[in-house]
Amino acid sequence: MQVVVLKLDVHCERTKKKAMSTVCCLSGVNSVDVNDGKLTVTGEIDAYMIVKKLKKICHTEFISVGPVKEPEKKKPDDPKKPETKPPDVIYNCVPPYPPYYHHFNGCYNEDPYACVIS
């Protein structure tokens, strides 16, 4: 995951909306945010491809490209947690399957003269 911050030269709401919709359609984009002419894109993305698409709409410049900063995890007050042990397996039973019976009556007829087609 990476964060790409771009400077967009947009003067109207229509251009801003078109730039956002263009970036949202790219594969790998998780979130898009526009504030004060800065476009922030987060996801598994290629920064060059974003700039290439946006240059067709408005003037675009890189501000920064980098990995996503994960929020710091707070350490729990009680560092000792009781370990949970999986329950012991007492009995492992495989469900019984019905026996396979092969019933084929195609070769043997009780009455050999019953129905003969010639």
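The model is predicted, so local features need pLDDT of at least 70 and side-chain atom pairs count only at pLDDT 80 or more, whereas totals for chains, interfaces and linings use all residues. Residues are numbered from 1 along each chain as its sequence is written, and side-chain values use heavy atoms, with hydrogens and water left out.

**The sheet**

Select the strands (DSSP runs of E, at least two residues, numbered from the N terminus). Four of them form an open sheet in the order S2-S3-S1-S4, with antiparallel pairing; two strands pair if DSSP finds at least two bridges between them. S2 and S4 are the edge strands, each pairing on one side only. Next, select S1 and S4, which are joined by seven bridges. Here Gln-2 stands opposite Pro-67 in S4.

**The helices**

Helices are DSSP runs of H or I, at least four residues. Select H1, which lies across S1, S2 and S3 and runs at about 165° to S2. Such angles run from 0 to 180 degrees between N-to-C directions, with axes fitted as lines to C-alpha atoms, for helices over the stretch in contact.

Move to H2, residues 47-54, where Ala-47, Ile-50, Val-51 and Leu-54 are buried. Buried means under 20% relative accessible area, exposed over 50%, and partly exposed in between (1.4 Å probe, protein chains only). These four cover an arc of only 95° around the axis, which puts them on the same side of H2; the arc is that of the directions from the helix axis to the C-beta atoms. The buried residues of H2 pack against S1, H1, S3 and S4.

Select Val-41: leaving out residues up to four places away in sequence, the residues in contact (heavy atoms within 4.5 Å) include Val-4, Val-23 and Ile-50.

**A loop residue**

Finally, select His-59, in the loop between H2 and S4. His-59 is partly exposed, with a relative accessible area of 44%. His-59 and Lys-7 are 52 residues apart in sequence and 8.3 Å apart in space, C-alpha to C-alpha. Beyond four places in sequence, His-59 is in contact with Lys-7, Leu-8 and Asp-9.
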